[in-house]
Amino acid sequence: IFQKPIKIVHQAAQDALVVNGFDIKKLESNYIEGFRPHKIGLIVGSGGETVGVWLDELEPSKTRVKVDTARSVLGIAGQKNWDNEVMEEISKSLIR
């Protein structure tokens, strides 16, 4: 939960996805979705993850954020969970 208006948190979440290498695929008032393009690795390609960020305005200056990484069955061995990285970037952005 961030002590910031949803509009500010929304922009921070969008920026956090881009900083972590995601292309924005859906941009709604309470939901942002990013997709990380596949990259070819030595054994298994990385990328292919989709991250959803849900925003819930609790009060005019209080916003709850939930981040969830979905990985595809194809290439799951090379994929990672981005929840912490995206949340940390949102936090850093809102502290600045």
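The following legends describe close-up views of a predicted model.

Local features are reported at pLDDT of at least 70 and side-chain atom pairs at pLDDT 80 or more, whereas totals for chains, interfaces and linings use all residues of this predicted model. Residues are numbered from 1 along each chain as its sequence is written, and side-chain values use heavy atoms, with hydrogens and water left out.

**View A. The aromatic pair of Phe22 and Trp82.** Two aromatic pairs are found in the whole structure (rings of Phe, Tyr and Trp, the latter by its six-membered ring, with centres within 6.5 Å; planes under 30 degrees apart are stacked, over 60 edge-to-face and the rest tilted). The ring centres of Phe22 and Trp82 lie 5.5 Å apart with the planes at 90°, so this pair is edge-to-face. Phe22 belongs to the loop between helix H1 (6–19) and strand E1 (23–27), and Trp82 to the loop between strand E4 (62–70) and helix H2 (83–95), 60 residues apart (helices, H or I, of at least four residues and strands, E, of at least two are DSSP runs, numbered from the N terminus). Both Phe22 and Trp82 are buried (buried is under 20% relative accessible area, exposed over 50%, partly exposed in between, with a 1.4 Å probe and protein chains only). The charged end of Lys80 sits over the ring of Trp82, 4.2 Å from its centre (NZ of Lys or CZ of Arg within 6 Å of the ring centre and within 35 degrees of the ring normal).

**View B. The aromatic pair of Tyr31 and Trp54.** This pair is tilted, with 5.0 Å between the centres and 50° between the planes. Tyr31 is in strand E2 (residues 31–35) and Trp54 in strand E3 (residues 50–59), so the pair ties together parts 23 residues apart in sequence. Tyr31 is buried at 13% relative accessible area, while Trp54, at 36%, is partly exposed. Lys66 lies over the face of Trp54, 5.1 Å from the ring centre.

View C. Thr63 is buried, with a relative accessible area of 0%. Its side chain reaches the backbone oxygen of Lys4 at 2.8 Å and the backbone nitrogen of Ile6 at 3.2 Å. Leaving out residues up to four places away in sequence, Thr63 touches Ile1, Phe2, Lys4, Pro5, Ile6, Val9, Leu55 and Asp56 (contact means heavy atoms within 4.5 Å).

Notes: A polar contact is a pair of N or O atoms within 3.5 Å; within protein, one must be able to donate a hydrogen and the other to accept it, and residues adjacent in sequence count only if both atoms are side-chain atoms.
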